[in-house]
Amino acid sequence: MKSITLKNTMLLAFMLIGFCKTSYAQSDKQLQIGDNVPNFTLHDQDGKLFNVRDYIGKKVLVIYFYPKDESMVCTKEACAFRDSFDAFTKAGAMVIGVNGGTIASHKEFQQHYKLPFTLLSDPGNKIYDLFGVKNKLFMSGRETFVVDLKGKVVYTHEAMLQGKEHSDDALAFIKAAKK
């Protein structure tokens, strides 16, 4: 019997990772600047229905997708949005976090860190797919979209390990656009 070498084992592992990444049912289309925000309805951390169309024309929307409640980078990201919440509000923006976690998980996360914004539960990552947010290895992706009053995507930011950067850069963009 032939023994499997370290090189062959590593090659097999990389092939398996590549297969897993491409076998997820994800949309090939990513939202781009200038695209209309997709219409969607999800439950928030309080179990209430949130329909994005109810907010178009009323607020600039900052929709951020994050992998998991209570994880290290996601917590830093959520707390950065929390700490800048007043500045987003003064700029006429509404912050919305989205991931596949349950309503109960979102409620606990919100209460634990005193998050003053909406967290939406996206079971099955259907809205992730509508926005074209790609998985990174075995985790849901991390991406932020700013949607203007007309319902158009005007800014996107993707950085998997820099959670705080999402809040900082989205706020800087919104403030610069108001000038």
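## A first look at F131

Is F131 buried or exposed? At a relative accessibility of 0%, F131 counts as buried, because buried means under 20% relative accessible area. Keep in mind as you browse that this is a predicted model.

Searching the whole structure turns up 15 aromatic pairs. One of them joins F40 and F131 in an edge-to-face arrangement, with 5.9 Å from centre to centre and 70° between the planes. F40 sits in the loop between α1 (6-23) and β1 (41-44), while F131 belongs to helix α5 (residues 126-131), so this pair ties together parts that are 91 residues apart in sequence.

F81 is buried at 0% relative accessibility, and F88 is buried with a relative accessible area of 0%.

Which residues make up the aromatic cluster that includes F40 and F131? Together with F50, Y55, F65, Y128 and F145, these two form one cluster.

How many salt bridges does a search of the whole structure find? The count is 3. In one of these, K107 meets D46, and the closest N and O atoms are 2.4 Å apart. This bridge links distant parts of the chain: K107 lies in helix α4 (residues 103-113) and D46 in the loop between β1 and β2 (49-51), 61 residues apart. K107 is partly exposed, with a relative accessible area of 25%, and D46 is also partly exposed, at 41% relative accessibility.

Another bridge runs between R142 and E77, whose closest N and O atoms are 2.6 Å apart. Again, distant parts of the chain are linked, with R142 in the loop between α5 and β6 (143-147) and E77 in helix α2 (residues 72-83), 65 residues apart. Both R142 and E77 are buried.

## A bridge between D83 and R82

D83 and R82 also form a salt bridge, and their closest N and O atoms are 2.9 Å apart. Where D83 is exposed, with a relative accessible area of 58%, R82 counts as partly exposed at 26% relative accessibility.

Key
Residues are numbered from 1 along each chain as its sequence is written. This is a predicted model: local features need pLDDT of at least 70, side-chain atom pairs count only at pLDDT 80 or more; totals for chains, interfaces and linings use all residues. Side-chain values use heavy atoms; hydrogens and water are left out. Rings of Phe, Tyr and Trp (its six-membered ring) pair if their centres lie within 6.5 Å; planes under 30 degrees apart count as stacked, over 60 as edge-to-face and the rest as tilted. Helices (H or I, at least four residues) and strands (E, at least two) are DSSP runs, numbered from the N terminus. Buried means under 20% relative accessible area, exposed over 50%, partly exposed in between (1.4 Å probe, protein chains only). A salt bridge is a side-chain nitrogen of Lys or Arg within 4 Å of a carboxyl oxygen of Asp or Glu.
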